[in-house]
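Here's a quick briefing to read alongside the model. Keep the 3D view open and follow the topics one by one.

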Number of protein chains: 2
Amino acid sequence: MVSTQSPADLQAIAREARMRARNGQLSSPTPGLSPGIVQGNVAILPRDWADDFLRFCHLNQKPCPLLTVSRPGEYRLNELGDDIDIRTDVPMYRVFRDGQLIEEVPDIRHLWQDDFVAFVLGCSFSFEEALVSAGLPLRHLQRNTDVAMYRTNIQTTPSGPFSGPMVVSMRPFKPADAIRAIQITSRFPRVHGAPVHFGDPAQIGIRDIDQPDWGDPALIQPGETPVFWACGVTPQSVIEYAKPPICITHKPGRMLITDRLNADYAAI
Amino acid sequence: MVSTQSPADLQAIAREARMRARNGQLSSPTPGLSPGIVQGNVAILPRDWADDFLRFCHLNQKPCPLLTVSRPGEYRLNELGDDIDIRTDVPMYRVFRDGQLIEEVPDIRHLWQDDFVAFVLGCSFSFEEALVSAGLPLRHLQRNTDVAMYRTNIQTTPSGPFSGPMVVSMRPFKPADAIRAIQITSRFPRVHGAPVHFGDPAQIGIRDIDQPDWGDPALIQPGETPVFWACGVTPQSVIEYAKPPICITHKPGRMLITDRLNADYAAI
């Protein structure tokens with residue numbers, strides 16, 4: 001139980017998992033490996049592209065809640081953890097060249113460039129932990145599947161080469177639970193915050209709720225309504241579309257485990 | 001504009017309206033007469049009934065958010081305003097005997113009993129002001145009608161003779177506005193707080209959304225969802241059903257105007 005462990009205990013568990021990622025001993029999905037601790041989406045871009053992407057994050061904070069950004073060439077991310085090395089500490093990386101996935105590697109020291117800028121963005125795992133702690137059942141966790149994600153007709157605000165539709169994740173709730181979920185996730189603006197929509201999927205351009213664009217269908221039950229949150233797949237989708245000469249991201253589900261507490265990111 | 005007036009200015013406007021009510025010069029509905037200031041639902045019961053009703057309020061805080069309760073025989077309500085006299089300051093009273101409406105009077109000094117206990121409950125006008133200030137359109141205000149209210153199948157928690165279904169008010173919103181409305185009203189637990197339901201009316205026992213039990217239909221437009229809040233008609237309905245030998249309430253829409261600022265009741 002999270003509630004019986006001190007921040008130092010939680011950080012020790014997180015550091016142990018990060019060490020395993022660093023040493024190439026952890027390539028499995030990270031949810032559940034660091035209770036109470038922030039995990040982050042990672043994107044690494046050359047400096048020429050990074051300024052526009054940083055502006056894109058500021059203009060689209062719900063899908064792209066920036067936790068930190070490095071200076072060019074800097075691979076230490078002290079704001080998120082004393083010893084973090086973004087070249088080694090993600091369990092599995094994806095390397096894209098001109099928007100094409102080239103390879104998955106557990107370490108990018110051999111690919112590192114002096115002009116690389118690392119972005120770490122907040123992730124829904126943080127607010128999902130708050131929802132579960134509040135007794136709100138999450139269907140995809142109960143069924144041990146991925147959350148359902150959809151491309152929408154909600155356009156992001158463009159910045160340079162970065163533009164495109166917002167991607168959302170969907171979790172079904174009974175209305176009273178949805179109201180509680182809106183309250184709880186509103187406390188966490190740095191990890192996507194409140195939902196962007198609920199109810200009729202067609203209103204945000206989703207044609208078939210049973211056919212997610214990423215992840216697994218969610219099996220909405222009678223009396224439940226789908227609730228949609230801005231999703232961290234948005235920046236990945238936008239970067240792939242922009243086709244930078246090189247971009248490195250985490251492999252979905254294999255996140256950067258930080259030293260920061262989810263509780264520290266609660267706005268209220 | 002509320003935002004350009006100091007608390008003292010707002011309280012001066014409210015006191016002037018309360019003085020007119022006291023002097024029998026105000027019998028019209030009070031919404032709009034005291035910007036920024038809390039207006040309250042009023043119920044007055046004999047002591048023998050008041051203890052159970054006080055407990056009912058504590059057990060059902062969403063429909064019955066208690067702002068203050070007097071000691072038996074006390075007609076000053078200093079907690080809500082220095083000079084308030086609950087026998088004269090409501091614009092129009094309704095007198096019920098054995099659950100039957102007997103008369104409407106502008107003053108109850110001639111009816112006052114030494115065992116009377118006065119209850120003042122929070123009212124949705126406070127959160128409606130917050131919604132309008134946030135730029136969220138309220139259909140019933142735009143159309144100058146009463147809000148639509150419905151008896152539900154949500155049962156209140158009984159206390160002695162007081163029991164019965166929760167009454168809700170309904171306001172239609174587009175989903176993104178509904179999410180914002182949930183956030184805003186969550187800040188005001190003393191004036192009904194967050195909604196209790198949205199979407200399918202049948203889930204809370206409402207058969208025909210176009211036929212409210214009180215107030216006027218709301219004309220839900222395409223793309224909007226009905227959002228339901230616990231309503232201050234609940235305690236009035238419960239008291240009528242319990243049939244105390246005497247009970248005095250405000251006439252709907254003619255509320256007690258206090259000295260308290262809506263802003264003071266924001267939880268966060």
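Before anything else, a word on "buried": a residue gets that label if 20 or more other C-beta atoms lie within 10 Å of its own. Keep in mind that this is a predicted model.

**A covered strand in chain B**

- Strand β5 (residues 116-121) of chain B is mostly covered, with six of its six residues buried.
- Which residues of β5(B) point which way? B:F116, B:A118 and B:V120 go one way, B:V117, B:F119 and B:L121 go the other way, and all are buried.
- Strand β1 (residues 37-46) of chain B pairs with β5(B) in the antiparallel sense, over six bridges. Within that part of the chain, B:V42 has B:V120 in β5(B) as its bridge partner.
- Strand β2 (residues 66-69) of chain B also runs antiparallel to β5(B), and three bridges join the two. Here B:T68 has B:V120 as its bridge partner in β5(B).

**An open sheet in chain A**

- Four strands of chain A make an open sheet with antiparallel pairing, and their order is β6-β7-β9-β8.
- Look for the edges at β6 (148-155) and β8 (197-198) of chain A, since each of these strands pairs on one side only.
- Two bridges hold the antiparallel pairing of β8(A) with strand β9 (residues 225-230) of chain A. You can find A:H197 standing opposite A:F228 in β9(A).
- Helix α5 (residues 175-186) of chain A lies across β7 (165-173), β8 and β9 of chain A, and runs at about 15° to β9(A).
- Helix α6 (residues 233-242) of chain A packs on the sheet too, where it touches β6, β7 and β9 of chain A. The direction of α6(A) makes about 155° with that of β7(A).

**Two domains in chain A**

- Chain A splits into domain 1 (2-123 + 242-265) and domain 2 (125-235).
- Taken over C-alpha atoms, the centres of these domains of chain A are 22 Å apart.

**Where the chains meet**

- The contact between the chains takes 16 residues from chain B and 16 residues from chain A.
- On the chain B side, α5 (175-186) and β8 (197-198) of chain B are the elements that give two or more residues. The largest share, six residues, comes from α5(B).
- That side of chain B divides into nine nonpolar, seven polar and no charged residues.
- Why do the copies meet through the same surface? Because 100% of the interface residues of chain B are also interface residues in chain A.

Notes: Residues numbered from 1 in each chain as written. Chains lettered and ligands numbered in written order. Predicted model: local features only at pLDDT ≥ 70, side-chain atom pairs only at ≥ 80, totals over all residues. Contact = placed C-beta atoms within 7 Å. Nonpolar A, V, L, I, M, F, W, Y, C, P; charged D, E, K, R; others polar. Pairing = 2+ DSSP bridges. Axes fitted to C-alpha atoms, helices over the stretch in contact; angles between N-to-C directions. Domains from an automatic or database assignment. Buried ≥ 20, exposed ≤ 12 C-beta atoms within 10 Å, placed from the backbone.
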